Structures are given as C-alpha cells and as structure tokens.
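Subject: the two-chain model

Hi,

Here is the model I promised to pass on.

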Amino acid sequence: MFYRKFNPSAHLTPFVACYFVWESQDIAPKPLRIESPPSGYASMVFNFGDAYQVENSKHESLMTPAMFLTGQATQSYSLNLSGRIGMVGIVFKPAGMSSLFGLPMYEFTDERVDLTDVLGKSLTNVQGPILEAGNPVERVQLLEQFLLRQLAKKNPSFDRTDYTANLIVERKGVVNVSELMDDLYVCRRQFERQFLQKVGISPKYYARVRRVGHLCAQLASQRWQINDWHELIYQCGYYDQSHFIREFTQFTGKRPSLYVKDNQELTRFLDT
Amino acid sequence: MQTTTQESVSDLTRKGACLAFFTAYDDLDTARMIGLAAPDATVHFLPLGDDGKGAFWEFGKAVWDLLIDCFPDISNSVDKLTTDGSTVTANVTIGGTQVREFMGIASKGCRFNSDHVFVFQFNEADQIQHLTINWNHAGFVKQLGS
C-alpha cells in the first residue's frame, strides 16, 4: 500500500493544499473500510483502480464515478474499497476549487459528482494520460499541469473569502467569525453569501467543521491514546465537555468514547 | 447514466431556488419569497402544531410579514443545503430583535438567534410545493425573555 502527499507549485498554493496518490499493487484479500471525519477540504479524485463505494449521511452506498469532485463533508463518511486501489487527487483549500473553476460549492456539499458532468471537455486531456502514466509522480505532474492551465485561463484573484477560509484552516477553526468580519470591514450578508458560494457552507459552520476535523486529526496523531482530554478539548476551542460531546457527536455520528474505542480496535487490528 | 445527470441538474436548480428564498427573506421581501412557490403550495411551521399549517401564499406570507413587523432586523445565514430527491433541506440560523408583541409573546426588546431547519419539497416545475420549518420553540421563547 502506498499513500503519499505532494505539495503544489508556488502559483497554486493560495488555492491548493496538496495532491495525493493512493495505490496498492496487489489486490486486497478482503474489503477495506476507511472512516473519515469531515476534513474541511474539497477535492477532485481520479480513480484508476477498482471502483469503490462511499457511505455518508445522504448515501447509504454510492458507487463513485471514475472522476469526481466532492465538496465539503459536513459529517463523517466511509469508503468501502475492494480489489485494487488506485487513485490520484487534488485537495483544494476551502475556497480554492471555486476560485479556480468558478463553481458554486454549495451544490457539492456531501456529494460526489461526476467531473465530466461539471467540467465537460476540459477533462479530456487529463483522464487518458492519468490512466496511462507509469508512476505516481507523473500522475501528479499531469494534475499540476491541468491546474496551471486552468489558472492561466481563469486568472483568479485571491479574495477575502479565500483569505478568511484559509485563516479558519490555519487557526484550526478556533475563531470568532463575527469579530473576523468586523476586522475585515465586510458586510455580513455579502460575506456570508460569497462564503457559501465559494466554500459550500457558512463561515460559522465551516469553523465548526474545521474544529472537529482538527480534533480528530489530533486523536489520530496520538493513536487514540489521550492522556488529558480536558487539555485537548480546551485547545480545540470548546467551552466545556458537554459542548465538545454535542459538537463531536453531531459531526461524526458517534460519541467521542465510541469513536476512540472503534479506532483503537482498528489500530490493534491493523497492527497485528 | 443519463438519468443521474438529469437528476443532478435538477438538484442544482432547486438549491438555487432555496437560496433565492433566503435572499428574499433577508431583503424582507415576502412577495419574492412566495413567488418561488406554486399557487397551491402549503407550509407548516412545525412547533405551532395544526395552527401552523396553511397555504404558502396566504398563511405563509402572513406569518413572515408578522415576523418582519415584530423583528424588523430579522436576518438569516444559510449554514448548509442538502438534497434528497425532490427535497432540499436547509440548515439556517435566524436572528432578530423583537420590537412588537409576536404571537402572544410580549416584546422586551430581546434578541433571538436560533437554528432552523427548512425542508423544501419541489414539484416537477421546480417550484416549492411544500415547506416545513422546525426550530426549538421553547429556546426561542426563552431568548425573548418570556
């Protein structure tokens, strides 16, 4: 199994967080289920392995198209993979996909939409070469070229929405959005509508998603062995334990104790 | 495959109609709000029980006009929109400051800020056919000081 992230070129860093490649040379002996909390990022995925299924709050079982885009996830989702894994993707900064492609992101929240339905002919130069590419680096280079062409064509400006959304990511969702709007001298209504258009959810909701996504990443980095929950909850910007449990359960669908237990069991299973 | 494409295009139109509804609400323009619904559309303000059911164009407009009259700075923020077939669910935060009595709640000049769930059902012509609105009414009343 091979999973690797690649950084974008400097021109694309305002809009793109990273590229990723996930491949397995061998066919998995049994199906693999990967559960993921909402990350706060949108992405485009090009699958050159076997098709796989997604489960989320909207879809019990959705077979993903060969090329798709996905907007903000507002709840945890699961990938059910079997056979040969092979995919390459672009992870966009929260407003990046909209800035580069001019898409209304509220249409794609919790969705996996076929890229050909959205971008049409502009993809014809990408899909074939990705399938034929000999190695992960070549595939990432093809994605980079695709985005650089789009950058030249669209010439997007890095606006207040991009700035604010990236700031919310940087601060791990621990921000007071009303104060942020005051600091930026923006009209609340206009700002919220632009944010919904470019990110897919409201700024306050996005900050909550980002906060829980960061907390789950912290749990994973500590392999779900938490010594001081109070410190972690405080650092992640929750007022108290009940606020944390309510938010966590809403976004992941599980109480924190069950979430940790399930992941500890998965870790033990994978380690054996 | 073709069916999937047609459905997704239809979804796009309907989310746009929901956003137009909330933009009109933010503009305090109830005529534009009801203009997005079919003439025989219905609305149900769930916490009000059977008293909260009625025709979208008449009863719905009357309730929204009353809300705007009692909370002149009423505003909304759409947190997210999700589709499921012909239904679009909008999670919306609504806030406003009370200046007049509202449905038996005397004005104490308090401000409310409350999560609402709007469930829009659309017809084949992409018009709103039915709307259900839910919120924590006890919390709403408490915020108004009653």
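Let me start at one residue pair: Ala42(A) stands opposite Phe92(A), which belongs to strand 9 of chain A. Before going on, the housekeeping: residues are numbered from 1 along each chain as its sequence is written, while chains are lettered from A and ligands numbered from 1 in the order in which they are written. This is a predicted model, where local features need pLDDT of at least 70 and side-chain atom pairs count only at pLDDT 80 or more, whereas totals for chains, interfaces and linings use all residues.

Strand 4 of chain A (residues 42–47) and strand 9 (residues 86–92) run antiparallel, joined by six bridges. Strands here are DSSP runs of E with at least two residues, helices are runs of H or I with at least four, and both are numbered from the N terminus; two strands pair if DSSP finds at least two bridges between them. Strand 4 of chain A also pairs with strand 7 (residues 67–70) of chain A, again antiparallel, over four bridges, and there Phe46(A) stands opposite Met67(A).

How many of the residues of strand 4 of chain A are buried? Six of its six, with "buried" meaning 20 or more other C-beta atoms within 10 Å of the residue's own, "exposed" 12 or fewer, and "partly exposed" in between, C-beta atoms being placed from the backbone. Both faces are covered: Ala42(A), Met44(A) and Phe46(A) lie on one side, Ser43(A), Val45(A) and Asn47(A) on the other.

Zooming out, chain A is assigned domain 1 (2–154) and domain 2 (160–271), with bounds from an automatic or database domain assignment. Over C-alpha atoms, the centres of domain 1 and domain 2 of chain A are 22 Å apart. Each of the two domains of chain A puts 20 residues into the contact, counted when C-beta atoms, placed from the backbone, lie within 7 Å. On the domain 1 side, that gives nine nonpolar, 10 polar and one charged residues. The classes are Ala, Val, Leu, Ile, Met, Phe, Trp, Tyr, Cys and Pro as nonpolar, Asp, Glu, Lys and Arg as charged, and the others, Gly among them, as polar.

The largest nonpolar core has 81 residues, and Phe92(A), Leu143(A), Val199(A), Tyr206(A) and Phe56(B) have the most contacts inside it. (A core is a set of buried Ala, Val, Leu, Ile, Met, Phe, Trp, Tyr and Cys residues joined through C-beta atoms within 7 Å.) Helix 8 (residues 203–221) of chain A gives the most to this core, seven residues. Both domains of chain A contribute at least three residues each. Leaving out residues up to four places away in sequence, Val199(A) touches several others, including Gln72(A), Met105(A) and Tyr206(A).

Now chain B. Six of its strands form an open sheet with mixed pairing, in the order 2-1-6-5-4-3. Strand 2 (53–55) and strand 3 (75–84) of chain B each have a single partner strand, so one side of each lacks a neighbour in the sheet. Strand 5 (residues 111–122) and strand 6 (residues 128–135) of chain B are antiparallel, with seven bridges, and Phe118(B) stands opposite Ile133(B).

Finally, 12 residues of chain B are in contact with 14 of chain A. Strand 3 of chain B supplies the largest share of the chain B side, seven residues. By class, that side has three nonpolar, four polar and five charged residues.

Cheers
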